[in-house]
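Thanks for coming, everyone. I'll take a few minutes on one structure. Have a look at it first.

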Amino acid sequence: MNQVGTESKTSKENGIIMNEISTSGITAVAERSLGLETRGLHAWFGSHHVLSDINLQFPERSVTGLIGPSGCGKSTFLRMLNRMHEFIPSAAMAGEVLMNGSDIYSPDVDAAAMRLKVGMVFQKPNPFPAMTIKENVLAGIKLANLKVSNHDEIVEKCLSRAGLWKEVKDRLDASGGSLSGGQQQRLCIARSLAVEPTILLMDEPCSALDPGSTLRIEETIHELAEKITVVIVTHNMQQASRVSNYCAFFLSDGGPGVLVEADATRKMFTNPTDTRTADYVQGKFG
Amino acid sequence: MHVVYSLGDRIFRRIVTAGAVTSLLVLALIGLFLFARGVEIFRDMGTKFVTGTNWTAGSEDGVLPAEFSIGPMLAGTIVTSLIALFFAVPLSIAGALYIEFFAPSKIKSTLVSMLDLAAAIPSLFFGLWGVQVFSSMGERWAALTSNYLGWFPLFKNELDIFGRSPFIAGLVLAAMIVPIITSVSREVYSRTPRELVDSCYALGGTRWGAIRAVVLPYGRSGVVGGAMLGLGRALGETVAVYLLLNLVFKYNFNILESEGGNIASLIATKFGEATPYELKALLAAGFVLFLLTLTVNMAATAVVQRTAKAQS
């Protein structure tokens, strides 16, 4: 089983530097009992086998980057972590996704309630067009019928955490669509945070944004990782090295995508175990 | 800047322009024809033509003067159409949502093609079905409504006869326009951006939550457009109403009572035996219906544009 996070972090000033190897695997698992883990995960679209036997642990309160060339199944993998995969009509899966130690695919799990704990930010900024900025932030609370009274407080807190509060505090009733692309994406992050997820999945959240906005989002991700677990799919190697604490490298050689290697980001970029990882992070293919 | 088009482009442009102009021209000519033939009536009757309740051809010797007015028919047109919309719109929205979001994918395409087929059924069959099959059931519903809601003026019925009422005609019209409204609604719902629906699910929303938060607001203008198409059909419906309603020249807003009519069925009823002067009155009635339909369509366009603007 690939285990990322057999190392504990002591310093996280810029989210990358960390102390190496301190705890044994077993105690690390016990300590991380609230984390996210996949066991023997497979995915199919129809008869097309797209992911094979993925075993991966996501350390809590850190950023794990999923990297790999197009078509290696990393986005599919991400969507299996909150059961969005099952909305595609021909999609099938096998294996387990353990959250807090229990399988989110077990029949007695309410998928909608589970997704409250696992937020998601998509590639393209997609605030709800018919809603104001404020309504967008509160959309999840309304959707899930959560009983909360301190709406204004939540709006301010979430927008602040997403790094957008200062820019929009005077126009909370403007349409979400009136913001710039980068602001819209941060609004989408704020929207996911409002239901207080413990895990946030991000599917190439910066690929549609300009470099300035990308930097803002990356700062936001660093701050978020102090409290929640972030999993981010990215095509951009610089971004992976800047933003993630751990990296998982996926690859498909024509067949189903497999997990080649997962480790601390610094190790993945400087001294990976597998030569294919080295070739990929050095830009020799992909 | 002067743009130079190639010969092929110029010819193509002429052809499509001609097509666009022709359809507008035909519309204008129909309106003009109806107005020209009916203008004498408008002059003779004034505004009473659209408010009065008397339709008499008069005697040939002129002792009994001819008098034409379509008040009850105009009201009947609007009442039956509104009843039809009242039942058809919620039903269509529900049907469209079912097909798009709940139907098993195996039967979805069958349902869609059946729906389009149903939209093309001639209204005559709806009329016949209404008379032969639905009327008896509709009468029972009407009797029940009257029993429990009879205190409300709209549902008052003192005669205890429930057949051939605007209520039943409206229900048959509803059945007639459900397919077209469902078809249009389903089409716009299917165009809801996938990523918006996905974000609802990702936020812990249920399917109903996603529909309420994203699909319904997104499709609103399209549904209004579909409803207006249906309303257009209901307003102009001739045969079904002709078969289902007794033509009575009295304002009837007790929709469960057996009196009514609409402009189109009035024209169909009177046309065969009309005197030359009465014929003009019928064409004038046609002009009023023409204006009504045009107004409804323009209002609908305005609504659609306004919601579309609010969304962008």
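One term before we start: a residue counts as buried when its relative accessible area is under 20%. And keep in mind that this is a predicted model.

Cysteines, then. By that cut-off A:C206 is buried, because its relative accessibility is 7%. A:C158 is buried as well, at 3%.

How many disulfides are there over all chains? A search of the whole structure finds 0. A disulfide is a covalent bond between the sulfur atoms of two cysteines. To count as one here, the two sulfurs must lie within 2.5 Å. Take A:C206: the closest cysteine sulfur is in A:C188, 12 Å away, so that is too far for a bond. For A:C158, the closest cysteine sulfur is also in A:C188, at 13 Å, again too far.

Now chain B, helix 6. This helix has 25 residues. From first C-alpha to last it reaches 35 Å, close to the 36 Å expected. There is a kink, though. It sits at B:I177, is about 40 degrees, and comes shortly before the proline B:P179. Is helix 6 of chain B largely enclosed or largely open? Largely enclosed by the rest of the structure, because 19 of its 25 residues are buried.

Last, the surface of chain B. Which residues form the nonpolar patch? B:L144, B:Y148, B:L149, B:W151, B:F152 and B:L154. Together they have about 680 Å² of accessible area. Look at B:W151. This tryptophan lies in the loop between helix 5 and helix 6 of chain B. B:W151 is exposed, with a relative accessible area of 66%.

That's my tour. Over to you.

Conventions: Residues numbered from 1 in each chain as written. Chains lettered and ligands numbered in written order. Predicted model: local features only at pLDDT ≥ 70, side-chain atom pairs only at ≥ 80, totals over all residues. Heavy atoms only, no water. Patch = residues over 30% accessible without salt bridge, like charges linked within 9 Å, V, L, I, M, F, W, Y side chains within 5 Å. Areas by Shrake-Rupley, 256 points an atom, 1.4 Å probe, with all protein chains shown as cover. Salt bridge = Lys/Arg side-chain N within 4 Å of Asp/Glu carboxyl O. Helix = DSSP H or I, 4+ residues; strand = E, 2+ residues; numbered from the N terminus. Buried < 20%, exposed > 50% of the residue type's maximum accessible area, 1.4 Å probe, protein only. Expected span 1.5 Å × (residues − 1). Bend = angle between axes of the 7 residues up to and from the residue.
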